[in-house]
Amino acid sequence: MPRKILIVEDNEDSRELVVKVLKNKGYQTIEAADGEEALEKVAAEKPDLILLDISIPKIDGYEVAKRLKGQEEFRDTPIVALTAHAMKGDREKVIAAGFEGYITKPINVRELPNQVKAYLRGKWESVIGGEEE
Ligand code: MN
């Protein structure tokens, strides 16, 4: 069974790019364009990993992560923030919200598969360590 990844991103071009890269690597992908849809898809599909844009309509990424981490069933599902605002202090903010880490936008399509693989393995620190101040 291929690992299932939910991509939550309201920008269609960005979402399609991530989907294409991950599909090419053999992952099963599920998509959502806003926070409400994200929560519905997580409940229905139980993905192995969630890539979650912070700025999305209806319910923002921080709130989606908080709600999911508040549920026993999804406490151990890795959630990775997709953010264009990776500045000093953001790492602490995403970790505090329950994210395992973040991937900065614009997405580096050559790095993305390695980042995804590491998050699926639970090796968060090896992914985000290099971005610390
Ligand atoms: Mn967005």
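**Close-up views of the predicted model**

View 1. Lysine 4 has glutamine 28 as its bridge partner in β2. The chain passes from β1 by way of helix α1, which spans residues 12–24, to β2, and the β-α-β crossover formed along this path is right-handed. Strand β1, covering residues 4–8, and strand β2, covering residues 28–32, run parallel and are joined by five bridges.

**View 2. The protein donors of the manganese ion.** Asp10 and Asp53, each through OD, and Ser55, through O, are the protein donors of the manganese ion and lie 2.1 to 2.2 Å from the metal. Along the chain these donors follow the spacing D-x42-D-x1-S. Aspartate 53 has a relative accessible area of 3% and is therefore buried, since buried means under 20%. Serine 55, by contrast, has a relative accessible area of 45% and is therefore partly exposed, as this value falls between the 20% and 50% limits.

**View 3. Packing of helix α1 against helix α5.** Helix α1, the helix of the crossover between β1 and β2, packs with helix α5, residues 112–121, at an angle of about 70°, and the two axes are 10 Å apart. Because angles of 65 to 115 degrees count as roughly perpendicular, α1 and α5 are described as roughly perpendicular to each other. Where these helices meet, α1 contributes Val18, Val21 and Leu22, while α5 contributes Leu112, Pro113 and Val116.

Key. Residues numbered from 1 in each chain as written. Predicted model: local features only at pLDDT ≥ 70, side-chain atom pairs only at ≥ 80, totals over all residues. Heavy atoms only, no water. Pairing = 2+ DSSP bridges. Helix = DSSP H or I, 4+ residues; strand = E, 2+ residues; numbered from the N terminus. Right-handed = clockwise from strand over helix to strand, strands pointing away. Donors = N, O, S within 2.8 Å, 3.2 Å for Na, K, Ca; no water. Buried < 20%, exposed > 50% of the residue type's maximum accessible area, 1.4 Å probe, protein only. Axes fitted to C-alpha atoms, helices over the stretch in contact; angles between N-to-C directions. Parallel < 35°, antiparallel > 145°, perpendicular 65-115°, else oblique. Contact = heavy atoms within 4.5 Å.
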